[in-house]
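Hi everyone, thanks for having me.

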Amino acid sequence: MVDVICDTSFLIHLATNRIKNLSTIDTEIGSIRFVVPNIVTMELKKLLDDKEKKDAVVITLDYIKSFPTISLNGSFADAALQSYIKKQGGIVATMDKELKSIIKKLGGSILSISNNKIVLESSKV
């Protein structure tokens, strides 16, 4: 089983949209498991104060209750994800274009959502 580390943007999109291929996502990488860094959970909880995002964040926090968590050090989720990928490699699930580019440059792969389908973008090394 391959762990896919989720960022805030991906989790909100995953929880609030109907993803067509979620049940058949066992793609070329095999069986995957979404994991949530503790720093992403903290970021989501801070977003509860944002009136425009609050409803989506409440849905997301409920949706990810059963997801396994990992501990990443840092003040910002993006920086913590970059540091983790630089050291460990792996796959990050994100909708953030800038983060996608950085993770690929570090040799990681990206899982994102396009047209309500999950897609895998390999690193460009």
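What you see is a predicted model, where local features need pLDDT of at least 70 and side-chain atom pairs count only at pLDDT 80 or more, while totals for chains, interfaces and linings use all residues. Residues are numbered from 1 along each chain as its sequence is written, and side-chain values use heavy atoms, with hydrogens and water left out.

Okay, the overview. The protein chain has five helices and six strands. Reading from the N terminus, the order is β-α-β-α-α-β-α-β-α-β-β. Of the 125 residues in the chain, 38% are buried. Buried means under 20% relative accessible area, exposed means over 50%, and partly exposed is in between, using a 1.4 Å probe and protein chains only. Among contacts with a separation of 6 or more, 61% join residues 24 or more positions apart. A contact here is heavy atoms within 4.5 Å.

The crossing of helix 1 and helix 2 is right-handed. Helix 1 covers residues 8-16, and helix 2 covers residues 38-47. Their axes come within 10 Å and cross at roughly 65 degrees. That makes the two helices, helix 1 and helix 2, roughly perpendicular. The axes are lines fitted to C-alpha atoms, for helices over the stretch in contact, and angles run from 0 to 180 degrees between N-to-C directions. As for the labels, under 35 degrees is roughly parallel, over 145 roughly antiparallel, 65 to 115 roughly perpendicular, and the rest oblique.

Who is touching whom? Thr8, Leu11 and Ile12 of helix 1 meet Val40, Glu43, Leu44 and Leu47 of helix 2. By class, that contact of helix 1 with helix 2 has five nonpolar, one polar and one charged residues. Nonpolar means Ala, Val, Leu, Ile, Met, Phe, Trp, Tyr, Cys and Pro; charged means Asp, Glu, Lys and Arg; the others, Gly among them, are polar.

Threonine 8 is buried, with a relative accessible area of 7%. Beyond residues up to four places away in sequence, threonine 8 touches Val40, Glu43, Leu44 and Leu47. On the helix 2 side, Ile39, Val40, Thr41, Leu44 and Leu47 are buried. Their cover includes strand 1 (2-6), helix 1, strand 2 (32-37), helix 3 and helix 4.

Next pair: helix 1 and helix 3. They pack at an angle of about 90 degrees, with axes 9 Å apart. So helix 1 is roughly perpendicular to helix 3. Helix 1 brings Leu11, Ile12, Leu14, Ala15 and Thr16, and helix 3 brings Ala56, Val57, Ile59, Thr60 and Tyr63. That contact of helix 1 with helix 3 splits into eight nonpolar, two polar and no charged residues.

How buried is threonine 60, in relative accessible area? The value for threonine 60 is 0%. Skipping neighbours within four places in sequence, threonine 60 is in contact with Leu11, Ile12, Ala15, Thr16 and Leu44.

Now for the middle. The largest nonpolar core has 34 residues, and Phe10, Leu11, Leu14, Phe34, Leu44, Leu111 and Ile118 have the most contacts inside it. Such a core is a set of buried Ala, Val, Leu, Ile, Met, Phe, Trp, Tyr and Cys residues joined through side-chain atoms within 4.5 Å.

Last one: helix 4 (residues 77-88) and helix 5 (residues 97-105). Their angle is about 15 degrees, and their axes are 9 Å apart. Helix 4 and helix 5 are therefore roughly parallel. Their crossing, helix 4 with helix 5, is right-handed. That's my tour, thanks!

Methods. Helices (H or I, at least four residues) and strands (E, at least two) are DSSP runs, numbered from the N terminus. A crossing is left-handed if the near helix is turned anticlockwise from the far one by less than a right angle, and right-handed if clockwise.
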